[in-house]
Amino acid sequence: MFAQQIINAISLGGVYALLALGLAIVFSIVGLINFAHGELMTLSGYALLAALVFGLPFPLAVLVAVSCGALAAVAMERIAFRPMRGASVTSLLLTSFAVSSLLKVVFQNGISARPQAVAMPGWMTGAFSFGDFTIGVGPSISIVVSALALILLETFLRRSVTGTAMRAAAEDFDVVRLMGIPASRIIATAFLLSGLLAGLAAMLWVAQRASVDPLMGFTPVLKAFIAAVVGGLGSLPGAVAGGFLLGIIEVLLQATLPAAIAPYRDAIVLSGVIAVLLLRPQGLIPAVRVQRS
Amino acid sequence: MPRLYRLQRAALCAAVFGIASFSTANAEEIIIGAATAQTGGLAPYDQPALAGLRMSLDELNAKGGLGGKYVVKLLIKDTRSDTAQTATVAQELIDAGAKIMITPCDADASISAGQLTQPAGIPTLTLCGSAPVLTDAVGDVMFGTYPADNVQATAVADFAVSEGKKKVFLLTSPDSTYTANLPEYFGKVFEKKGGAVVGRGTFSMGQPDFSAEITNIKGMADQPDLIMTAAYEPDFPAFIQQLRGAGVTVPVYGADAIGTPTIKALGKLVDGVVYTAAGYAEPGSKLEAFNAAFTKYAGHAPESTYEVNGYEIGLILDQAVKTAGSDDAKAIRDAIAGLKDFQGVTGKITYAGTNRMPLRAVALMRYEGGEGKHVKTLIPDAADVPAP
């Protein structure tokens, strides 16, 4: 049973890591915590639903949904954040809250306040036995997809010119611009990547929850924010570490706390976060250039 | 004044003020305030209920208003599913002159509005809040309308016992009165009738992941033959998706909040799930006729029994004003509290002798192949219903 809980923890941690990474990529470059990141997930969720309703085969529908998340992120940057470029951290933060609220209301009034069921293919609710414990297909996919996404992102950042430029921009944006790299391209790429990650996370999230609703982005973005802060704001490896740490702590507490104390789980998790930050104020793996708002 | 002249004036009046004043030339106006959620987590419950209420008020207004005398002006304000905001808009509605207050489908929000209507003596009805503690937490102006949680839980427990279920696992969430108490009421009745509660688990509403809880259930030495929960959307779909995904086939029973199109659309995933409703539209029943009329009124079929429940609130108010013979708040309150065997659409509704949570029938339903199938309709024995 313990091994089973470990799998649960890694699976949840993986989703948190993807989300935290999405926040961190944007933060490392423009110094913005994008609280509308959750709404990118919601949007991808609705896109998946729409694609399935239009009769697209499941893999294609997932592809459409993830691309929608990515494009929406780029559009969000273009429409809401580009005019605010160079504004103070507070203004950026408020802009992201505004975008988030606006999208939520649009989803509620434009689609429905009621969650919409998303019929996942039957094989995704299956489970396979492995020795004397069973692993659900859902959590396994979660783990594989998270791992693949993290490896691909790492490769992109290490091996491609744009990736290298982005890593450099995270350290010193001005110098990167002096090298002749267009700022807008770097920033748009950062949003594109964060949208892709949000889209992927949304797929894993929806697969586990079987429905999409207008407010579904709120909890995950909050968790991702906590993970990113614990890991070290703006640090990509930190975001991943923070995501996994948060997932593992949550699952292990839920698994071990007696029913009477279990409702305090979130309070205990957040106290743990405070403790980590007291010991390591810059996070687990601090960013090279520490930004604080 | 010559009769002809009077008629002319009435015609002029009607021409100036439109159709509404035509049939109600002498009618007075009564303001009903609806502090309901148009956005947020309660909106999927409040909106259908409010649609039913509007339909009945429109019909009543066409016949001269409540009690045939008082044309209803319905003021609606959005609570955003927020308890504090509910109190704010309730105050605004009181200031606007509301004589009757309608509150959201949730005990916590309804209680916050009740704190304001109680001192003002304004009769207050929750759209479909079903926590039995709700009315006593406020006072004598507060009325429930939907079958109470303890009544629903007793109906489901009776049914589970009759099926031969012996061991139940209760999944609760302390985040709302409904999700915290309903399964516990079930547990009390179930134990009294010879069953055993073999385990308990909790979740937070909006929680992303149920895997830890589910692994705990799987690892129990004494396996339950039933899981009872009052989780609703989006938590219920998540729970059952992950439960079945982990290979657990134990049946899951719930209550009224999972009788929604969203849960139905989960299809095979929810096969065998038992839930409750305020009624079932048997062929030839009044409820079937209501469903047809509502479809015509709203342009879509009712999503659940919240619509008819809202509609019945209109009927209850009409009857109460008729009995009271005036629009006096105290008289209306007393008239509602004295209702006995009032013939609604779903069956008889009684407030007399209760703590203002109505005595009314509960329909048990079961999802099969993506459809809600009627199991039976019953009024649980009052002696079996656990105290709130």
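**Entry 1**

Two strands pair if DSSP finds at least two bridges between them. I start from that rule and apply it to a predicted model.

I looked up Leu171(B) first. Its bridge partner in strand 8 of chain B is Thr229(B). Strand 6 and strand 8 (residues 226-229) of chain B are joined by 4 bridges, in the parallel sense.

Then I turned to strand 7 (residues 196-202) of chain B. Strand 6 of chain B runs parallel to strand 7, and 6 bridges join the two. Thr172(B) has Thr202(B) opposite it in strand 7 of chain B. How does the chain cross from strand 6 to strand 7 of chain B? It passes through helix 8 (residues 177-192) of chain B, and the β-α-β crossover is right-handed.

Is strand 6 of chain B enclosed or open? I noted that 5 of its 6 residues (167-172) are buried, so strand 6 of chain B is largely enclosed by the rest of the structure.

**Entry 2. The five-stranded sheet of chain B**

I moved to another sheet in chain B. It is open, has 5 strands in the order 2-1-3-4-5, and pairs in parallel. Which strands lie at the edges? They are strand 2 (70-78) and strand 5 (142-143) of chain B, each pairing on one side only.

I followed strand 3 (residues 100-103) of chain B. It pairs in the parallel sense with strand 1 (residues 28-36) of chain B over 3 bridges. Within that pair, Ile32(B) stands opposite Ile100(B). Strand 3 and strand 4 of chain B also pair in the parallel sense, over 3 bridges. Here Thr103(B) has Thr126(B) as its bridge partner in strand 4 of chain B.

I checked both faces of strand 3 of chain B. Ile100(B) and Ile102(B) are buried on one side, and Met101(B) and Thr103(B) are buried on the other.

Next I looked for helices on this sheet. Helix 3 (residues 43-62) of chain B lies across strand 1, strand 2 and strand 3 of chain B. It runs at about 160° to strand 2 of chain B. Helix 5 (residues 107-120) of chain B packs on the sheet too, touching strand 1, strand 3, strand 4 (124-126) and strand 5 of chain B. The direction of helix 5 makes about 160° with that of strand 3 of chain B. Strand 3, helix 5 and strand 4 of chain B together make a right-handed β-α-β unit.

**Entry 3. Domains and chains**

I stepped back to the domains of chain B. Domain 1 covers 3-147 + 283-357, and domain 2 covers 149-277 + 363-378. Their centres are 31 Å apart, taken over C-alpha atoms. In chain B, 13 residues of domain 1 are in contact with 13 residues of domain 2. The side of domain 1 of chain B that touches domain 2 has 7 nonpolar, 3 polar and 3 charged residues.

Then I looked at where the chains meet. Here 38 residues of chain A are in contact with 35 residues of chain B. Which element gives the largest share of chain A's side? Helix 1 of chain A does, with 5 residues. By class, the side of chain A that touches chain B has 20 nonpolar, 14 polar and 4 charged residues.

**Entry 4. Single residues**

I picked out Phe290(B), in helix 12 (residues 286-298) of chain B. It counts as buried because it has 25 C-beta neighbours inside 10 Å, and the cut-off for buried is 20 or more. Beyond four places in sequence, Phe290(B) is in contact with Val308(B), Tyr311(B) and Val345(B). I also noted Thr346(B): it is 56 residues from Phe290(B) in sequence, and their C-alpha atoms are 9.5 Å apart.

I found a cis peptide bond between Glu233(B) and Pro234(B), with omega about 0°. Pro234(B) sits in the loop between strand 8 and helix 10 (235-245) of chain B.

Ala210(A) has phi near 60° and is not a glycine. It lies in the loop between helix 8 and strand 4 (211-212) of chain A. Asp341(B) has a positive phi of about 50°, and it is not a glycine either. Its place is the loop between helix 14 (329-337) and strand 11 (342-343) of chain B.

Are these two buried or exposed? Ala210(A) is buried, with 31 other C-beta atoms within 10 Å. Asp341(B) has 10 C-beta neighbours inside 10 Å, so it counts as exposed; the cut-off for exposed is 12 or fewer.

Conventions: Residues are numbered from 1 along each chain as its sequence is written. Chains are lettered from A and ligands numbered from 1 in the order in which they are written. This is a predicted model: local features need pLDDT of at least 70, side-chain atom pairs count only at pLDDT 80 or more; totals for chains, interfaces and linings use all residues. Domain bounds come from an automatic or database domain assignment. Two residues are in contact if their C-beta atoms, placed from the backbone, lie within 7 Å. Ala, Val, Leu, Ile, Met, Phe, Trp, Tyr, Cys and Pro count as nonpolar, Asp, Glu, Lys and Arg as charged, and the others, Gly among them, as polar. A crossover is right-handed if, with the strands pointing away from the viewer, the path from the first strand over the helix to the second runs clockwise. Axes are lines fitted to C-alpha atoms, for helices over the stretch in contact, and angles run from 0 to 180 degrees between N-to-C directions.
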